[in-house]
Amino acid sequence: MIDLAKKLNPQQCETASETEGAFLVIAGAGSGKTRTITYRIANMLDKGIPQSAILALTFTNKAAREMEQRIKELTGRKLTKLTISTFHAFGVKILRESITRLGYKENFSIYDQTDKISLIKEAARSLKIDPGTLDLYNLTNVFSSIKTGREVWSPETSQYKDIYNEYNDLLKLYNAADFDDLIVLPIKIFQDHPDVLAEYQARYRYIMVDEFQDTSKIQYTMVHLLAQKSGNICVVGDDDQSIYSWRGANYDNIIQFEKDFPDVREIKLEQNYRSTGTILDAANSVIAHNTKRKNKSLWSKSGEGLPISVNYPENEAKEADFIADTIILLKGRGDLKFDDFGILIRTNSLAANIEDALLREAIPYSVSGGTSFFTRKEIKDIISYMRVMTNPDDDISLLRVINTPRRGVGKKALETITGFGKEKHCSVFRAIKDLTAMENSPLPDKLKGQLDDFIHLIFNYKEKFSTGRNMSATLNALVDDINYWGYLVMEYQKNEKEAKWKYKNIMTFINLMDRWEKDPDNEDVNLYSYLNRITLITRDDAQGDEGGKVNLMTIHAAKGLEFKVVFLAGCEDAIIPHARALEDDPDNIEEERRLFYVAVTRAMERLYITSCRTRHHQNEDMICIPSRFLEEIPSGLTKASEPEKPLTEEEKMTRIMSKFSRFKGNIK
DNA sequence: CGTCTCCAGGTTTTT
DNA sequence: CCTGGAGACG
């Protein structure tokens, strides 16, 4: 038995010890939120609540993994029946069990952003609309908003209604689900089939939601459906750290929660255990400028600590050098490890320069975000092969690999094949199979032979994979068989390094699979679950935390993490707050401020802020203005290593010009 | 008919 | 600066 009162402060203790009923826990930054949840679950297990009755929903895979690890350590139990996962992974779990209720077949594919764009193109083409005239990236967002109920069709968007409908028809036809479907379809199952819902309600009688402030409306709907029966639900969040409203995360959820569970008990965790007094004061001062927030005040017993260092490097290269040099310097003192450092940036594009400097100084680092490993072209190619094997209806993946490596399948041949498929209402895979077997096929004989080989290859490897044994070796053989290396050499003739690098990525991918299938805790070893898994893993894969790497990531990705030393780079106006955020809605300034607040509160001991004087952007040297949030930090808390020089008349002029051009550039 | 090459455009944040 | 699409070539 764990003595909660001894390990936790009174508010934490209350949260952890009361397991029945509805709870709303407002947990400030660094207030020991994860610790509290961990103890709460451990306490449930102590009380004899079965693992299988507990569902904990987190925001990222990493958070889920960490929580599981901590509970394991705390209780010393095996946790095979406990469900700790992200909303999306939980959605996949439900769909794998019940998607046939909606008329889908079992091995559905999950489409990421890239697949989604391909599919929208496909939908447009089938409606005789030239995809070239569309802003596809933008459409992915519009469709997402519509599907999740965040927005309704507006005069500007309603012209895309037909494409949207076609897009959804195709998804179903291809037996595929996009990310939104992973939440929307389970809800549909629950609503259409009360018996299924009742089953899940009976199974998950104790539900916890972490980072509740970032739950979207539909995610909340899903949780509410599950929890309304038992009424045992505990949501934990911090409105000041709500940074995903653009994705449908909604403050209204807190209000809705209070309505849906009128007996809710509200607990506030306000003691901060993470940061020095200086850092906390700075954070508090900044966030106080926001008007829409629940009242709370973070306090701490720790001392004031060091002043916050604010620097104004000449340009982004100097900024990167400063960060790298400072890491070397602090590391040299011996009491810090590389993974005690976090470098936070507003946008992924800021990472490149910093990576350069870290590489040059031979500082080991890991970047999260940006083009995720699994969305790299070469990796997607390989994944698509495997997807076709698990789901032959997946036309998008099939079209991706049919001519990769090149098999002489060009535009004309593709037209014939897809045309045939449309006519016969069958998948492209089926069409290829039929067309190659046909007597007087419209395809030339040479191509028929090639395609026949392709079909056999798919069947052959599907068979090998289906044993569920040694899948990484099978994959290795597949990569050899299709001569992917030869393909890379061809494609990157002038750049052998690139080809080698891409091939190395594939080898890494195979190794990852090997590790995964040999993991003794893994109870579900088959190709399909692997594919599901990697589609949902994105930025936080780098679980190789051997303790030796500096962390470079976006502020969004840093949510829930803490570092002894934090660098906040690119603290310039138009970066944070981001120019695009402020364009239409001035209310967005509050979210940008929360983002800044999240960044500051990641720091435990030292905080370095850099704001470049100039920055190279789109082939132009732009003059930069320091972020307006810097002014919101009381000057007594900072130490400017390099005070800003007053502007010359000429500089003022350029600044106005650059502002103007930036503004112009951002209209539509 | 498939492939190669040049040119325009473009990502804020993520599951 | 890098990616993807359109047009010329083999």
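I looked up what covers the buried residues of helix H13 and found, among others, strand E9 (308–311), helix H27 (588–600) and strand E14 (603–610). Buried means under 20% relative accessible area, exposed over 50%, and partly exposed in between (1.4 Å probe, protein chains only). Helices (H or I, at least four residues) and strands (E, at least two) are DSSP runs, numbered from the N terminus.

I noted that this is a predicted model, where local features need pLDDT of at least 70 and side-chain atom pairs count only at pLDDT 80 or more, while totals for chains, interfaces and linings use all residues. Residues are numbered from 1 along each chain as its sequence is written, and side-chain values use heavy atoms, with hydrogens and water left out.

I checked H13 (residues 277–287) itself: eight of its eleven residues are buried. Among them are Gly 277, Ile 279, Leu 280 and Val 286.

Next I turned to the sheet. I found an open sheet of six strands in the order E3-E2-E6-E7-E1-E8, with parallel pairing. Two strands pair if DSSP finds at least two bridges between them. The edge strands, E3 (83–86) and E8 (265–269), each pair on one side only. I read an average twist of 15° from one strand to the next.

I then followed E2 (residues 54–58), which four bridges join to E3. Thr 58 has Thr 86 as its bridge partner in E3.

Last, I looked at a helix on this part of the sheet. Helix H4 (residues 61–75) lies across E2 and E3, at about 160° to E3. Axes are lines fitted to C-alpha atoms, for helices over the stretch in contact (heavy atoms within 4.5 Å), and angles run from 0 to 180 degrees between N-to-C directions.

Notes: Chains lettered and ligands numbered in written order.
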